[in-house]
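Grab the model and work through these exercises with it open. Each one sets a task and then walks through the solution.

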Amino acid sequence: MDAVDLVSPNESDATQLRTNINGKILGSIGYLSELARDDADQTDDGIELVAEDKISGFLHIHYHDCVSHLKSDEKAAALTCLSHVNRSLKRTDRPHVSGLFASVDEQYNHDAYMRVSNKSFLSTYGAPLDASRLDGVSCQQSVDATNEALDWLKESDPTLYDELSIYVTDVLLVHSDTMNAASSVNSMGIVRMSHLKPGQNWTRYYENLVHEAAHQHLNYIWSEHELIENEDSGTYASPLRQEPRPLSGILHAAFVLARTMRGISMLNENGSYDPARHPISTAYNNKKNPASFREKFDDCIETLQKHAKFTDFGAELFSEMQVFADQYQT
């Protein structure tokens, strides 16, 4: 798989990346199942999921939750995680949009998601995850706005929509005053987005979805290929965040900014879209940075050029990313 081809949305490459990662995680889950059982004669129903299929992101959650329990020698809890693997069934092509804890049927999945995500958030940011259940009215408004954003993305940039739909199985809507949207390597396939704030509409979710789809894609690439050799070199100023980020975070920021420029350009070219009626005001400005998307992208590029030591594959991806971004000057 060529690094150059992976910068632009590409259905066949995205499907292959998903299949590769699915195969690895299904194999790991089979191994964990053996570790979790004291009695060699004790069996389960087996894993019925197939690597080529679109598998719910909650399978990744149950995997990481199971690993945590096994590290603590909590085999019963680990087996409970594994018992939910076959319930992490294939999803439809379109991402499933729902509120956190909105359904009793999703209680275990969502509890596991919060455990795994909170642990990841604590290790990354040193603070607990700010996410809680949305009330009924706010939840429905946010669900409707997310589905409207998906419709606009499908119409405006169908190739990017297809790539998002290959990776993302679930969009979880939560109440949060400090977070807009997030993805994680511990929950590949799931995007978390916060409730609509006053004055916001579907355009905020449009940007969220384009941004998080890019994170998902780069996470899949990184799971297959090392990109940066000196990740442990320290942390650096980010144009998107107040706190400094490692080089991987700066590369992620550059990649999602390039993809966001594309997504917004494609929306602006849609004759049905009226920017005066539904303007886009970026949801990713933790740093309160007034710079344009392009200026923020260039800031990331400068930092990476100065400090990052790329692998050969990473250098090709980095070079092509700049060529890609030059097509879109948002």
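**Exercise 1.** Decide whether Tyr273 is buried or exposed in this predicted model.

*Solution.* Start with the cut-off: buried means under 20% relative accessible area. Tyr273 comes in at 7%, so it counts as buried.

**Exercise 2.** Work out what kind of ring pair Trp202 forms with Tyr206, and then with Tyr273.

*Solution.* Step one: check burial. Trp202 sits at 3% relative accessibility, so it is buried, and Tyr206 is buried too, at 1%.

Step two: take Trp202 with Tyr273. Their ring centres are 6.0 Å apart and the planes meet at 75 degrees, so this pair is edge-to-face. It ties together distant parts of the chain, with Trp202 in helix H7 and Tyr273 in the loop between helices H8 and H9, 71 residues apart.

Step three: look along the helix. Trp202 and Tyr206 both belong to H7 (residues 202-224), four residues apart, or about one turn. The structure has eight aromatic pairs. For Trp202 and Tyr206, the centres are 6.3 Å apart and the planes at 80 degrees, so that pair is edge-to-face as well.

Ring pairs join Trp152, Trp202, Tyr206 and Tyr273 into a cluster.

**Exercise 3.** Find which strands pair with S4, and which way they run.

*Solution.* S2 (residues 170-174) runs parallel to S4, joined by five bridges; here Val174 stands opposite Ser194. S3 (residues 181-182) runs antiparallel to S4, with two bridges, and Ala181 stands opposite Met193. As for cover, five of the five residues in S4 are buried.

Notes. Residues are numbered from 1 along each chain as its sequence is written. This is a predicted model: local features need pLDDT of at least 70, side-chain atom pairs count only at pLDDT 80 or more; totals for chains, interfaces and linings use all residues. Side-chain values use heavy atoms; hydrogens and water are left out. Buried means under 20% relative accessible area, exposed over 50%, partly exposed in between (1.4 Å probe, protein chains only). Two strands pair if DSSP finds at least two bridges between them. Rings of Phe, Tyr and Trp (its six-membered ring) pair if their centres lie within 6.5 Å; planes under 30 degrees apart count as stacked, over 60 as edge-to-face and the rest as tilted.
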